[in-house]
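Work through the exercises below with the sequence and the coordinates at hand. Each task is followed by a solution in steps.

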Amino acid sequence: MPWIKKGLLYVPSRGLAWERHHAIFPTVESAAGDRLRIYYTSLDDQNDGRTAYIEVSAGNPSEVLKLSDKLGKPEAAPKVESPESTSH
């Protein structure tokens, strides 16, 4: 099925610390009934991403039926030691 651009469906505007701007990397799946669940990443003030989703009507995607809370928080990047720090 080809992509059909529908325009802007959701703008992060709930005033949440983890959801300050952007709803990027949308991924869509079918949900219960006549709904589509759209997972997205929103950015906080430090540009750290959090995943959340909205559910929209499949027949009218501009109709937002449900807003999720964040699904998780980013994990700290593993510490990588440089070769110089491991030499004896």
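**Exercise 1.** Which residues does Ser-68 touch, not counting residues up to four places away in sequence?

The model is predicted: local features need pLDDT of at least 70, side-chain atom pairs count only at pLDDT 80 or more, and totals for chains, interfaces and linings use all residues. Residues are numbered from 1 along each chain as its sequence is written, and side-chain values use heavy atoms, with hydrogens and water left out.

Step 1. Take contact as heavy atoms within 4.5 Å.
Step 2. With that exclusion applied, Ser-68 touches Arg-14, Trp-18, Ala-52 and Tyr-53.
Step 3. For Tyr-53, the side chain of Ser-68 reaches the backbone nitrogen at 2.8 Å.

**Exercise 2.** Is Ser-68 buried or exposed?

Step 1. Buried means under 20% relative accessible area, exposed over 50%, and partly exposed in between (1.4 Å probe, protein chains only).
Step 2. Ser-68 has 5% relative accessibility and therefore counts as buried.

**Exercise 3.** How many bridges join strand 3 to strand 4?

Step 1. Strands are DSSP runs of E with at least two residues, helices are runs of H or I with at least four, and both are numbered from the N terminus.
Step 2. Two strands pair if DSSP finds at least two bridges between them.
Step 3. Strand 3 (residues 49–57) and strand 4 run antiparallel and are joined by 3 bridges; Ile-54 has Leu-67 of strand 4 as its bridge partner.
Step 4. The two strands form a hairpin with 6 residues between them.
Step 5. Ser-68 lies in the loop between strand 4 (64–67) and helix 1 (83–86).

How values were computed. A polar contact is a pair of N or O atoms within 3.5 Å; within protein, one must be able to donate a hydrogen and the other to accept it, and residues adjacent in sequence count only if both atoms are side-chain atoms.
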